[in-house]
Amino acid sequence: MNNHLHIHNLTKYYVKQLGWLKQQRICALDAISFTVKQGETIAVIGETGSGKSTLIKLIAGIETPHAGTITLNGLQLKPYDYASRCCHIRMIFQDGLASLDPQRTIGQQLLEPLWFNTRWTVTEQREYVLNTLQKVGLLPEHFDFYPHMLASGQLARVSIARAILLNPQVIVADEALGALDPSIRAQIINLLIDLKEEMGVTLVFASHSPEIVRHLADKILVLHHGKMIEFDTTTTLITNPQQSLTRSLLHTGNLTI
Amino acid sequence: MSIILDIRNLTIALETPSGLTKVLDGFNLQLEEGEIHTLVGESGSGKTLLAKAILGFIQPKWRITADRLWWRQQDLLAMDTAQRRLITGQDMAMIFQNPASYLDPYLRIGRQLSEVIARHPHRWRGAQRRRQHRQLIVELLQRVGIDDIDAVCNSYPLQLSDGVAQKISVAMALAHRPKLLVADEPASAMGQYTRSQIYEQLFRLNTEYGMTMLMITQDLTTMMQQTQRLSLIYSGQLMEVGPLKQVLTEPAHPYTDAMLKMSFLDSTHPPKTKLPTLPGSIPTSQSLPIGCRLGPRCPKAQRICVQRPELTTVQQRQFACHFPLIEISPHE
């Protein structure tokens with residue numbers, strides 16, 4: 001399919017209760033439309049409160065849009081249809097420790113998506129999880145570990161393992177790299193680059209670090225107060241941005257060597 | 001330039017069930033008056049502990065030893081609590097990483113600011129004092145770049161955005177015109193735009209009042225650009241110190257070199273390719289390696305690295321490594 005992930009007119013409001021009957025609508029996303037080709041990396045940038053997280057959540061299906069459609073390979077993804085959506089679109093969460101259940105082992109939590117979405121036997125599922133753990137640079141022993149026993153870098157790897165388990169077509173991430181230490185972050189970036197090459201997956205991520213955006217993204221989407229103000233390739237936006245906001249968001253400082 | 005804060009061989013050990021753990025091991029720092037010094041360290045490197053040790057927020061389980069911990073030729077470790085508190089209160093201030101945890105959630109911003117100002121000697125009484133307080137608050141908030149002063153003063157910390165809350169804590173730190181400002185990751189959780197605003201404020205204070213600053217960050221990319229000198233610390237050990245330009249252009253320590261490459265500062269590195277990394281992960285405080293703590297992850301490590309390298313001084317810079325990346329001429 002040519003237009004792999006197609007987003008049309010996506011709109012989301014948040015309703016704020018001002019009194020008993022009075023409501024105020026706050027527009028988080030205002031009629032966003034764009035198309036992503038297979039295997040591309042899209043970075044979503046913007047100031048705080050510009051709707052980056054909302055866009056990521058809408059694509060992942062955590063929130064439901066008020067208007068607009070998300071189409072993957074010509075098939076429209078309906079809200080609340082988690083059974084088919086979870087096989088195609090997966091999310092990497094920001095905080096590894098908070099997004100994993102502290103009472104169950106890594107293995108149990110990674111088996112869960114397979115348990116619900118495949119008809120494999122238990123041995124096959126276990127084998128597959130062990131393979132995936134190796135793919136993200138963890139050891140088979142980590143299958144029996146609890147989340148608190150792992151360091152932040154290993155938890156990030158577990159989050160990625162959970163995202164790639166079902167061979168998804170799209171992976172979304174919201175600030176997944178922001179909270180990591182530089183040396184760990186570099187390892188995770190390398191892992192993402194490797195996995196993208198191997199699986200040809202589309203990556204849509206939100207970030208406020210211009211360095212990461214410049215390094216990873218093919219295309220950049222700039223949001224401002226819920227509106228899309230620019231969407232173009234990384235090189236175009238770096239060399240010739242149309243908006244001053246884009247320039248200031250992609251400005252990496254004067255620390256040139 | 002006189003040295004305002006002189007730290008030699010500072011060691012902080014924590015009492016743990018398995019014995020003492022040196023979370024900060026033989027740290028050196030000389031702050032000159034009026035300079036901006038940046039301390040870069042990954043998580044668990046003891047940078048927050050260092051800040052707390054300088055300001056004297058010490059917990060009973062910490063064992064602090066140092067050859068020198070001097071504030072303007074006065075020994076901070078030999079002082080009693082009252083003297084120390086006087087110096088900390090008058091001359092030092094700290095900005096914390098997360099403003100939401102630093103401000104009291106139950107009090108309005110105006111009340112919290114007036115509490116800070118009330119520490120000044122009481123020159124006024126009654127209504128006059130309230131008016132004077134109000135005027136001082138307005139001045140402080142204007143200086144840090146807040147326009148909507150009435151609305152901010154009447155709101156609770158939860159109602160403010162991160163950037164504004166951090167500006168409030170900058171204003172609080174300024175109320176006394178401190179000589180030294182320690183900022184522990186003041187803008188790490190903020191976006192690019194807010195961060196540059198806060199740094200601009202801080203830099204202006206440095207130029208206007210000659211305030212000495214110790215900025216603590218996790219990452220070279222979120223560093224303040226006006227920094228004059230840079231220290232890198234790893235797992236409680238000092239790796240390299242030097243003037244910013246020199247350290248960035250020709251790093252002496254393998255760790256500095258790796259950090260530069262991992263922070264995308266090497267502009268020759270093409271995008272979408274793999275970054276050079278340090279293998280492994282940051283050691284936890286329960287399992288610290290002996291000798292140079294970078295040893296197990298260092299690309300240049302050899303057998304001798306199980307002995308702690310001495311801090312070598314070459315002109316203005318210092319580094320602790322057996323195999324530095326720059327040539328040391330023999331006569332130095």
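Two strands count as paired here once DSSP finds at least two bridges between them. With that in hand, take B:T38: its bridge partner in β10(B) is B:L230. The model is a predicted one, and this residue pair belongs to a parallel pairing between strand β3 (residues 36–41) and strand β10 (residues 229–234) of chain B, which share 5 bridges.

On the α7(B) side, the contact is made by B:D162, B:G163, B:Q166, B:K167, B:V170 and B:L174, which meet B:T194, B:Q197, B:I198, B:Q201, B:L202 and B:L205 of α8(B). By residue class, the contact of α7(B) with α8(B) splits into 5 nonpolar, 5 polar and 2 charged residues.

Chain A has an open sheet too, this one with 6 strands in the order β6-β7-β8-β3-β9-β10 and mixed pairing. At its edges are β6 (89–92) and β10 (227–233) of chain A, each pairing on one side only. Neighbouring strands here are turned by 20° against each other on average, again with direction ignored. Inside the sheet, strand β3 (residues 41–46) and strand β8 (residues 202–206) of chain A run parallel and are joined by 4 bridges; in this pairing, A:I42 stands opposite A:V204 in β8(A).

Chain A also has a helix lying across its sheet strands: helix α6 (residues 152–164) lies across β6 and β7 (170–174) of chain A, at about 175° to β6(A). Its packing partner is helix α7 (residues 182–199) of chain A, with an angle of about 20° and axes 10 Å apart. By the cut-off already mentioned, α6(A) and α7(A) are therefore roughly parallel to each other, and they cross in the right-handed sense. From α6(A), the contact takes in A:S152, A:G153, A:A156, A:R157, A:I160 and A:I164, while α7(A) brings A:I184, A:Q187, A:I188, A:L191, A:L195 and A:M199. The residues of this contact come out as 8 nonpolar, 3 polar and 1 charged.

Elsewhere in chain A, strand β1 (residues 5–17) and strand β2 (residues 23–36) pair in the antiparallel sense over 10 bridges. The two form a hairpin, with 5 residues between β1(A) and β2(A). One of the bridges puts A:K16 together with its partner A:Q24 in β2(A).

On the scale of whole chains, chain A contains 10 helices and 10 strands. Its radius of gyration is 19 Å, close to the 18 Å that the globule rule gives for 257 residues, so chain A is as compact as a globular protein of that length. The C-alpha atoms of chain A fill a box of roughly 55 × 50 × 45 Å along the principal axes. Chain B comes to 10 helices and 13 strands. For chain B the radius of gyration is 21 Å, close to the 20 Å from the globule rule for 332 residues, so this chain is likewise as compact as a globular protein of its length. Its C-alpha box, taken along the principal axes, is roughly 70 × 50 × 45 Å.

Finally, the two chains touch: 26 residues of chain B are in contact with 27 residues of chain A. On the chain B side, α8 (192–209), α9 (244–249) and α10 (254–262) each supply at least two residues. That side of chain B divides into 10 nonpolar, 12 polar and 4 charged residues.

Notes:
Residues numbered from 1 in each chain as written. Chains lettered and ligands numbered in written order. Predicted model: local features only at pLDDT ≥ 70, side-chain atom pairs only at ≥ 80, totals over all residues. Axes fitted to C-alpha atoms, helices over the stretch in contact; angles between N-to-C directions. Contact = placed C-beta atoms within 7 Å. Nonpolar A, V, L, I, M, F, W, Y, C, P; charged D, E, K, R; others polar. Parallel < 35°, antiparallel > 145°, perpendicular 65-115°, else oblique. Left-handed = near helix turned anticlockwise from the far one by under 90°. Rg over C-alpha atoms; globule rule 2.2 N^0.38 Å.
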